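The sequence and structure come before the discussion.

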Amino acid sequence: LSKSRELVAMVTSGISMHRIAAPVLVTGCVLNALALPIHEFIIPPIAPKIGRSKSQVAYDTIRSFAVTYAPDGKGNLFTATKYDAAREVMENVTILQRDELGRAHRRISATQAKWDESRQGWVMINGFAVQRQEDGDPFNTQSTNTVEQVELFQTDLSPSLLLVRRAKAFPLLLSISELRSLLNSPAVRADAELVVKFTETMQSRFSFFVVNVLIQVMAMPFFLMREPRSPMMASMKGAGLGLGAWGVALLMVQVGVVPMNPLLTAWLPVVIFLPLAAIMLLSVRT
């Protein structure tokens, strides 16, 4: 419209610049709103693929990695020589069950463990447990300790939690329902840093929708011109402002401007950009 001088004709006929901008802003809101269902339903199923590092692009999912003393919500420690994220399988598994004082009283060993979502636990292959006796060595299978077979070990240490601890960016790829489910896990609630990160991620999902709209409002005045000007120069100024503002907002959320306050960190860019957007829009000559 600016390049073809249509804006000059419309303003000359008495149409307000704000009225001209309204359909564009509404369209921007609709397009930004489409990001919410994409984050909820399209991205989470392919999160293991997106979460790959540069060195793992040749693989279908996050490359296998070792698990070393990973705690669950009850304080049990998981160790495995390899975890296959694609199959959700751990190899050569050892689980140390601990009492309220942190002492190991039971050790579970298995050649393989596969996650069962319906039963919320790891199905053990060739799994057996050694129960500690008060006068015995807890890890000596030849002593008087009790040995029993284990087929399933229920825990809140799910594959999603293993990947969250492995890749810092992985929570950004999960849906809000998945993040809420993980937040209800004792293993996550015991980790203050993870609680802050999950809460901040959920809040940012909505705050960045508002941020994107505000950035669009701030960039619009460069194109709402009453007299003929260079559209290229307006595009460069608008793109510079938009990319700069979006980068600042992303940096605020990633760095955590307000430590341990995820709500304020997520919405701080909105608080800053809202008056700037209002000033920019009111400065349009119409």
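A nonpolar core is a set of buried Ala, Val, Leu, Ile, Met, Phe, Trp, Tyr and Cys residues joined through side-chain atoms within 4.5 Å. The model discussed here is predicted.

In the largest nonpolar core there are 39 residues, and Tyr83, Met90, Trp122 and Met124 touch the most other members. A second, separate core holds 20 residues, including Met17, Val217, Ala245 and Val253.

As for the protein as a whole, ten helices and eight strands are present. Of its 286 residues, 40% are buried. Where contacts link residues at least 6 apart in sequence, 51% of them join residues at least 24 apart. The accessible surface amounts to about 16,000 Å², and carbon and sulfur atoms account for 61% of that area.

Phe65 lies in strand β1, which spans residues 65–71. Is Phe65 buried or exposed? Phe65 counts as buried because its relative accessibility is 7%, and buried means under 20%. The C-alpha atom of Phe65 is separated by 8.9 Å from that of Ala80, a residue 15 positions away along the chain.

| Residue | Residues in contact |
|---|---|
| Tyr83 | Ser64, Phe65, Val67, Glu88, Val89, Met90, Trp122, Pro159, Leu162 and Leu163 |
| Phe65 | Lys82, Tyr83, Leu162, Leu163 and Arg166 |

Technical notes. Residues numbered from 1 in each chain as written. Predicted model: local features only at pLDDT ≥ 70, side-chain atom pairs only at ≥ 80, totals over all residues. Heavy atoms only, no water. Helix = DSSP H or I, 4+ residues; strand = E, 2+ residues; numbered from the N terminus. Buried < 20%, exposed > 50% of the residue type's maximum accessible area, 1.4 Å probe, protein only. Contact = heavy atoms within 4.5 Å. Areas by Shrake-Rupley, 256 points an atom, 1.4 Å probe, with all protein chains shown as cover. Lists of a residue's contacts leave out its neighbours within four places in sequence.
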